[in-house]
Protein chains: 2
Amino acid sequence: MEGRVLSIQSHVAFGYVGGKAAAFPLQCLGYDVDLVNTVNFSNHAGYGRSGGSKTSAAELESIFEAMEFNELLCPTRVLTGYIPNAEALAAVARLVEKLRKQNPELIYLLDPVMGDAGRLYVSADVIPVYRSLLPLSTIITPNWFEVETLTGISLTDLHSLRLALTKLHKDFGVPNVAISSIPLAPWLSETLPNAIRPPAVSESEHLLCITSSVSNENSPSEVHVQCVPLLPGYFSGVGDLFSSLVLAHYKPSLEASLPEVLPPFRTSLSEAVSQALTKTHAVLCKTFEYSERLPEEERLVTDDEKDAVEPIRKVRRMRGRELRLVQSIDIIRSDFGDATRRLERWSGFWEKL
Amino acid sequence: MEGRVLSIQSHVAFGYVGGKAAAFPLQCLGYDVDLVNTVNFSNHAGYGRSGGSKTSAAELESIFEAMEFNELLCPTRVLTGYIPNAEALAAVARLVEKLRKQNPELIYLLDPVMGDAGRLYVSADVIPVYRSLLPLSTIITPNWFEVETLTGISLTDLHSLRLALTKLHKDFGVPNVAISSIPLAPWLSETLPNAIRPPAVSESEHLLCITSSVSNENSPSEVHVQCVPLLPGYFSGVGDLFSSLVLAHYKPSLEASLPEVLPPFRTSLSEAVSQALTKTHAVLCKTFEYSERLPEEERLVTDDEKDAVEPIRKVRRMRGRELRLVQSIDIIRSDFGDATRRLERWSGFWEKL
């Protein structure tokens, strides 16, 4: 693979989130990566305290302007992640609009990083700006909460999931949606195709990954899914790694290729997400195993009361759970072949609509 | 190899200088890299215009303080490069002093980035701060001009070269000095050991790489040298790549190992620099070949008059000469074995003193 990715997201000195989680995998897979840092922090917010500063919208614009003047705005792909406020996001939006006009073939993966598990961690005024950016995207990789935030639809059953996907595809013009980790609630598990439903007893130990792609306006989207075993504990940067791998493995020309290359009903997105899911899970397993082997004081379980008295407990837990990304170079560069966690087509998804 | 490098140098969005030239090779060779950005620019200064801003000393300190609070200052190696002014450099110096005290085994590669070919490109008040930092270093990688600037000695003959190295080792307490690219003037060429002297006709097409290491206070240093063919044109980031590879390949325990591992008269530094020189030259050749294949308008030769009228000439030349770093992943990870450009011992270097 060859290409040039313009990645606009956070930078941390220590550890692997944002650009630090994305650049190395993209580079290992052959992409030149232009890295614009939306913040310059010591570490991610999960540690409780961090140093450094956010990049102002004016500074971002000064970087973009100089790049344009020097003819350095020549990416074949764009990746945007954490952008902390509406002014900065608006500057990024103007840039992406320009790049999209210059190059209709541009592949833009928009990760609308806004929050998780019901809580926003950017200022609320970014929401309308993200909505205005959606029509420029090729792929979006929201989490569950971000789908709800963007669409205004609470995801409580299959019907609301269909409505949300329809809204993203039709109203916001997003061709490809990938949601990497949906809690496998009973209503969701019950409706899954048999081939991919985990044994009932272990449903709560699985997450669902779902993709939805439209190839033309008149057909419903192709929906693909896969379950992934949930690892205990919270690991930061996993979504950023996943998005970078989806972008790295996305081959837009696949749909036009022979059935030997892309079997019927598979999509460029389902193929890319299968690769990304497999590699992300392998990196996560490696990280989990490493964190389990650490001395006990480096892996004290979450305990809000004890953590409040002794904040270093949380800090050490975070440090012990930083992605083992550099050590995963062979995972990142591998072709998993038959061992790929391949997404399966959810053929009946739209039928009962 | 495993370890953790704290790299403190410049960041550019586009292209490969500073941290962008150093992080990927170190990561590919197995190191976790903590990246602190001393500037956040769109591109390197050679383009003539750049956007973004310098990181203030206060911002650097805020990053270092948060890292210390979160117990994230745990590098086994430190790499410092371009730091634009004395206040920022003083903040870095205080940090390195603290790290050195905490860990006497710390390996600190100091690249005293100050200028080239007779011209300073940092403010002059950094010079005394760099001098005060020298005793904390394990290895320094100055260029020819930076040796002159640090020692105050003009390098015009073998005698002055000996004086400068003595000053660095004895007065400034630097155990290892590596100078990667010295123009091969006649006085230098004449004195070289026969084994490594290039044919007289091609002297001007070669650069000399020299290392000097002291193992104890009472013996003169071990000096090693190698010639490298000079490629036409100026390529940015080469020194930053070289320094990162020297640090990556430096194994301090080699001197204590068996002769099968480290033959007599070789040093940890001469071994590391042999690897770094080989790989840097291979990346540079790859970059040169790529730039030669570009369309003519992307590789217009330097012509100060034409460049002044049409600045985009220079900009495109710069862009065409950005290191092909990502495409060199196999070079970076290779063991060159017998094809290594091995430094040779300059056994008579100190004899005529």
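Trainee: Where in chain B is B:His224 found?
Mentor: The model is predicted, so local features need pLDDT of at least 70 and side-chain atom pairs 80 or more, while totals for chains, interfaces and linings use all residues. Residues count from 1 along each chain as its sequence is written, chains are lettered from A and ligands numbered from 1 in the order written, and side-chain values use heavy atoms, without hydrogens or water. Helices (H or I, at least four residues) and strands (E, at least two) are DSSP runs numbered from the N terminus. By that scheme, B:His224 is found in strand β11.

Trainee: Is B:His224 buried or exposed?
Mentor: Buried means under 20% relative accessible area, exposed means over 50%, and partly exposed lies in between (1.4 Å probe, protein chains only). The relative accessibility of B:His224 is 1%. B:His224 therefore counts as buried.

Trainee: How far apart are the C-alpha atoms of B:His224 and B:Thr340?
Mentor: Along the chain, 116 residues separate B:His224 from B:Thr340. In contact terms (heavy atoms within 4.5 Å), B:His224 touches residues beyond four places in sequence, including B:Cys209, B:Phe265 and B:Trp346. The C-alpha separation of B:His224 and B:Thr340 is 15 Å.

Trainee: Which residue has a side chain joined to that of B:Ser236 by a polar contact?
Mentor: B:Ser236 sits in the loop between β11 (222-229) and α8 (238-249) of chain B, and is buried at 11% relative accessibility. A polar contact is a pair of N or O atoms within 3.5 Å; within protein, one must be able to donate a hydrogen and the other to accept it, and residues adjacent in sequence count only if both atoms are side-chain atoms. Beyond four places in sequence, B:Ser236 contacts B:Tyr16, B:Val17, B:His44 and B:Leu323. The 3.3 Å side-chain polar contact of B:Ser236 is with B:His44.

Trainee: Which residue supplies the backbone oxygen reached by the side chain of A:Arg317?
Mentor: A:Arg317 lies in helix α11 (residues 312-320) of chain A. A:Arg317 is buried, at 3% relative accessible area. Its contacts beyond four places in sequence include A:Glu298, A:Asp303 and A:Asp307. At 3.1 Å, the side chain of A:Arg317 reaches the backbone oxygen of A:Val301.

Trainee: Which helices are included in what covers the buried residues of α11(B)?
Mentor: In α11 of chain B, the buried residues are B:Arg313, B:Val315, B:Arg317, B:Met318, B:Arg319 and B:Gly320. Their cover includes α9 (268-293) and α10 (304-309) of chain B.

Trainee: What is the relative accessible area of B:Asp304?
Mentor: B:Asp304 has its place in helix α10 of chain B. B:Asp304 is exposed, because its relative accessible area is 62%.

Trainee: What is phi of A:Glu71?
Mentor: A:Glu71 is in the loop between α2 (57-69) and β4 (77-80) of chain A. A:Glu71 is partly exposed, at 28% relative accessibility. Its phi is positive, although the residue is other than glycine, and lies near 55°.

Trainee: What volume does the largest cavity have?
Mentor: On a 1 Å grid over the protein atoms alone, a cavity is a set of points where a 1.4 Å probe fits but cannot get out; lining residues have an atom within 4 Å of a point. Grid points are joined across faces, edges and corners, and a volume is the space filled by probe spheres set on the points. The whole structure has three cavities of 30 Å³ or more. The largest cavity holds about 210 Å³.

Trainee: How many charged residues are in the lining of the largest cavity?
Mentor: Of its 18 lining residues, those closest to the centre are A:Ala23, A:Leu35, B:Lys20, B:Ala23 and B:Leu35. Ala, Val, Leu, Ile, Met, Phe, Trp, Tyr, Cys and Pro count as nonpolar, Asp, Glu, Lys and Arg as charged, and the others, Gly among them, as polar. The lining has six nonpolar and 10 polar residues, and its charged residues number two.

Trainee: Which element gives the largest share of the lining of the second largest cavity?
Mentor: The second largest cavity has a volume of about 40 Å³. Its lining includes A:Val36, A:Thr55, B:His11 and B:Phe41. The largest share, three residues, comes from β2(A).

Definitions and conventions:
On a 1 Å grid over the protein atoms alone, a cavity is a set of points where a 1.4 Å probe fits but cannot get out, and a pocket is an open set with protein on both sides within 12 Å along at least five of seven lines; lining residues have an atom within 4 Å of a point.
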